[in-house]
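Q: I have a structure open here and would like to go through it. Can we begin with the ligand?
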Amino acid sequence: MFDYTKYFDTCLDRLHAEKRYRIFRNIARERGNFPTAKLNDSGTTKTITVWCSNDYLGMGQNTVVLKAIHDAVEQFGAGAGGTRNISGTHKLIVELEDELADLHNKEAALVFTSGYIANEASLSTLGAMIKDCVIISDSENHASMIEGIRHSKAKKFIFRHNDVDHLEELLKDIPKETPKIVAFEALYSMDGDRAPLKEIIDVSKKYGALTYVDETHSVALYGPRGGGLLEDTGLLDEVDIIQGGLGKGVGVVGGFITASRRIVDLIRSHGAGFIFTTALPPMVAAGALASIRYLKENQTERIALLTTANKVKQKMLERDLPILLTDTHIVPFMVRDSQLCQEIADILLHDFNIYIQPINYPTVPRGSERLRITPSPLHTDKMIDHLVNSLSKVWGRYSEKLTGLSIMESNVRV
Ligand code: PLP
């Protein structure tokens, strides 16, 4: 008979051998003290500074958001009580969807339990429902988009990352009357680079394709009201479907799309990942709603985030540390070796009380392993100095082991 134990052990051993076994850090963020947290490690506890959170603006700590969540728990209790289909839609979710539609100047919005599900359900539904649809997808799209496209069973083409000429070559060869969707991200979270939004939108329109843009890492962070990079560049009205997350810049959990009423209605009516799952709890909807409303009115967090990110980048450059230069808030520190990446992360944590999670294959290609640093408005100058000094010391010890290191540039400069 099949030896399941041996099989599972072999699979896990392979991960260890390839130095990409995932170690989850046991940490507790403390209200009011972000970006510090308590690390629980082998029975001991110590205070660390988190430099890898996607709560980019610190909204998970924002008092307005916390109050809204507390009030909702008091008023409505804990869970949603079921799927929206069979147990009713909470009024806070309706309000949240109205607020999101307004944020993107679209007719409608649909909320999902995560950004992952938003992508998977929306792309799988669109690709399956639109007969003979062809999906053209950026080569660095997130796993949730790839899964959605795969599940749709639609024909797909991959265009080289951010390569508009390649996209056009592919579009040119698809018959004009064939329905098409061009799917891409506004901001790629591993390299911190932006999509050439205008160019991709223009070429998609030229060949009659719908555009589907993932703003997971940019919504709340960019644009005068936090609408994302499309708002920032005045392109909100030029795209058909915008996907976003509520767990990163917004600071809570969940995902959404905004689009025309009929596109939203189609996905609401057919998306399995939307229909057959318990809705977001009212307290989460309340927190997301408060966060989005707050960020529509306040620039403070957005400005402070970019100020901190620029300080981190500047200080890293002064020390000749190998970062990818971007014009976004993400600072990838390129180690390019999975074992070293893990070792450096361990030393930073144990000797310097700095937590940065190593990013290894398959999240990034082999040979591009990195420490992905995510500054926030709540990191102080002292914390930045400690980060740069510590990285400098540790990198000094390790860089001799590696050859050909230099400061790398992504496709967009600071
Ligand atoms: N889209 C992109 C580009 C992402 O990076 C992620 C997650 O990091 C998601 C979607 C999924 O978002 P969520 O964490 O809300 O499921």
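Predicted model: local features only at pLDDT ≥ 70, side-chain atom pairs only at ≥ 80, totals over all residues.

Q: Which residues surround the ligand?
A: They are S114, G115, Y116, N119, H142, S144, E185, D214, T216, H217, K248 and G254.

Q: How does that shell divide by class?
A: Eight of its residues are polar, three are charged and one is nonpolar.

Q: How much of the ligand does the protein bury?
A: The protein buries 81% of the 390 Å² that the ligand exposes when taken alone.

Q: Changing topic: how many cavities of 30 Å³ or more are there?
A: A search of the whole structure gives one. The largest cavity holds about 80 Å³ of space.

Q: What lines the largest cavity?
A: The lining is R84, I93, V111, F112, T113, G273, F274, T277, T278, A279 and L280. Strand 4 and helix 11 (272–275) are the elements that each give two or more residues to it. By class, the lining has six nonpolar, four polar and one charged residues.

Q: What about the second largest pocket, what volume does it have?
A: About 200 Å³. It has 13 lining residues, and those closest to the centre of the pocket are E97, A108, A109, R261 and V264.

Q: Which elements give two or more residues to that lining?
A: Helix 4 (91–103), strand 4 (108–112) and helix 10 (261–270).

Q: And the classes in the lining of the second largest pocket?
A: Seven charged, six nonpolar and no polar residues.

Q: Now the whole chain. How many helices and strands?
A: The chain has 15 helices and 18 strands.

Q: What are the overall dimensions?
A: Along its principal axes, the C-alpha trace spans about 60 × 60 × 55 Å.

Q: Why does the radius of gyration agree with a compact globule?
A: Because a compact globule of 414 residues would have a radius of gyration near 22 Å, and the chain has 22 Å.

Notes
Residues numbered from 1 in each chain as written. Heavy atoms only, no water. 1 Å grid on protein atoms, 1.4 Å probe; cavity = no way out; pocket = protein on both sides within 12 Å on 5 of 7 lines; lining within 4 Å. Points joined across faces, edges and corners; volume = space filled by probe spheres on them. Helix = DSSP H or I, 4+ residues; strand = E, 2+ residues; numbered from the N terminus. Nonpolar A, V, L, I, M, F, W, Y, C, P; charged D, E, K, R; others polar. Near = heavy atom within 4 Å. Areas by Shrake-Rupley, 256 points an atom, 1.4 Å probe, with all protein chains shown as cover. Rg over C-alpha atoms; globule rule 2.2 N^0.38 Å.
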